[in-house]
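Please look over the sequence and the structure before reading on.

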Amino acid sequence: MPRLNEEEQAVVAVVREWVDREVRPVVQEMEHANEYPEKLIEQMKELGIYNL
């Protein structure tokens, strides 16, 4: 299995922190409400991770 370079590791760290801070607290409620995660999608676009 190939190892991640420093840039890839930095992306993973940013995504992990964002998920822990922004997604985990609301994901269960959003799923139960069948709500489109517009705010989260916009944040993903701002972080540059939406198209990953």
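## Overall form

The model is predicted. The protein contains two helices and zero strands. Its radius of gyration is 13 Å, well over the 10 Å that the globule rule gives for 52 residues, so the protein is more spread out than a compact globule. The C-alpha trace spans about 40 × 20 × 20 Å along its principal axes. Of the 52 residues, 15% count as buried.

In soluble globular proteins, nonpolar side chains tend to be buried together. Here the largest nonpolar core has seven residues: Trp 18, Val 23, Met 30, Leu 40, Ile 41, Met 44 and Ile 49. Two elements, helix 1 (6-33) and helix 2 (38-47), each give two or more residues to this core. One of the core residues is Ile 49. Leaving aside neighbours within four places in sequence, Ile 49 is in contact with Val 15, Trp 18 and Met 44.

Which residues of helix 2 are buried? They are Leu 40, Ile 41, Gln 43 and Met 44. These residues cover an arc of only 160° around the axis, which puts them on the same side of helix 2. Helix 1 is part of what covers them. On the other side of helix 2, the residues Glu 38, Lys 39 and Glu 46 are exposed.

Gln 43 belongs to helix 2. Its relative accessibility is 16%, and because buried means under 20%, Gln 43 counts as buried. Not counting residues up to four places away in sequence, Gln 43 touches Trp 18 and Glu 22. Trp 18 is also listed among the contacts of Ile 49, under the condition that neighbours within four places in sequence are left aside.

## The loop and the end of helix 2

Asn 34 lies in the loop between helix 1 and helix 2. With a relative accessible area of 72%, Asn 34 is exposed, because exposed means over 50%. Asn 34 has a positive phi, although this residue is not a glycine. Another positive phi belongs to Gly 48, which follows helix 2. The table gives both angles.

| Residue | Phi |
|---|---|
| Asn 34 | near 55° |
| Gly 48 | near 80° |

## Aromatic rings

How many aromatic pairs does the structure hold? The number is zero. The ring of Tyr 50 does have a charged group over it: the charged end of Lys 45 sits there, 5.3 Å from the centre of the ring.

Methods: Residues numbered from 1 in each chain as written. Predicted model: local features only at pLDDT ≥ 70, side-chain atom pairs only at ≥ 80, totals over all residues. Heavy atoms only, no water. Core = buried A, V, L, I, M, F, W, Y, C linked by side-chain atoms within 4.5 Å. Buried < 20%, exposed > 50% of the residue type's maximum accessible area, 1.4 Å probe, protein only. Helix = DSSP H or I, 4+ residues; strand = E, 2+ residues; numbered from the N terminus. Contact = heavy atoms within 4.5 Å. Arc of directions from axis to C-beta. Phe/Tyr/Trp six-rings, centres within 6.5 Å; stacked < 30°, edge-to-face > 60°. Lys NZ or Arg CZ within 6 Å of the ring centre and 35° of its normal. Rg over C-alpha atoms; globule rule 2.2 N^0.38 Å.
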